[in-house]
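Good morning, and thank you for coming.

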Amino acid sequence: MNVDLWQIIIGIGQIIAVAIIPLITWWLGVKYQDRKTKKEAQLRLFLTLMADRKSTPITKEWVDALNTIDVVFQDNKKVRQAWREYLDSLNEKSPHFDRSNSFRLDLLSEMAMALGYKNLKQTEIDRFYSPKYFGSQMSRHEILFKENLRVLSHSKSCAESFTEEEYEKHYNELMQEQSDQ
């Protein structure tokens, strides 16, 4: 009888194991996938901010990424605190407005640490490459936009053109305005 009781207990244990092990495996898989998805979102956000960190003018992607920090890094108090401080420094009335670059570096550094980039220094985060071509291309686009706006808002027609002298003077004024900005 003693042997029969052990066989029954072992049988019940096997049935329970067969029923429970797949549930545990499924639960662990869901947890792993959830964690992986959150890490991927954090990495995408960080890479977006890194790619556009000194773009002028700022990009919509940069602004969108900033506005998702509280959700994507909801469990990281240091990153969210750094975000609040950076956001405060972006306000022109903030006493920290002139140091907003420092707060941006702090934010990106906290995010790097959270993602495991522990050897990424702030000097490396601050380094940014932007070819001169992009700046001159942006200037041309800005000039084109201003000219289109001027013509459309102050003209009855697009058919009347500048004389060569008027064009040269006007073009130089636009270039001066662009360099003053």
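Let me start with a question: does Phe46 count as buried or exposed? At 3% relative accessibility, Phe46 counts as buried. Here buried means under 20% relative accessible area, exposed over 50%, and partly exposed in between, with a 1.4 Å probe and protein chains only.

A word on the source. This is a predicted model, in which local features need pLDDT of at least 70 and side-chain atom pairs count only at pLDDT 80 or more, while totals for chains, interfaces and linings use all residues. Residues are numbered from 1 along each chain as its sequence is written, and side-chain values use heavy atoms, leaving out hydrogens and water.

I turn to the aromatic pairs, of which the structure holds two. Rings of Phe, Tyr and Trp (its six-membered ring) pair if their centres lie within 6.5 Å; planes under 30 degrees apart count as stacked, over 60 as edge-to-face and the rest as tilted. Phe46 and Tyr117 form a stacked pair, 5.9 Å centre to centre with 20 degrees between the planes. Phe46 lies in helix 1 and Tyr117 in the loop between helix 5 and helix 6, so the pair ties together parts that are 71 residues apart in sequence. Helices are DSSP runs (H or I, at least four residues), numbered from the N terminus. Tyr117 is partly exposed, at 37% relative accessible area.

The other pair, Trp83 and Tyr86, is tilted, at 6.4 Å centre to centre and 50 degrees between the planes. Both residues lie in helix 4, three residues apart, about one turn of the helix. Trp83 and Tyr86 are both buried.

The largest nonpolar core has 21 residues, of which Leu49, Leu66, Ile69, Leu107 and Met111 touch the most other members. Such a core is a set of buried Ala, Val, Leu, Ile, Met, Phe, Trp, Tyr and Cys residues joined through side-chain atoms within 4.5 Å. Helix 1, helix 2 (60-66), helix 4 (77-90) and helix 5 (100-114) each give two or more residues to this core. Helix 5 gives the most, with six residues. Leaving aside neighbours within four places in sequence, Leu66 is in contact (heavy atoms within 4.5 Å) with Leu49, Trp83, Tyr86 and Leu107.

Finally, consider Glu124, which is found in helix 6 (residues 122-126). Glu124 counts as partly exposed, at 29% relative accessibility. Beyond neighbours within four places in sequence, Glu124 is in contact with Arg53 and Asn119.
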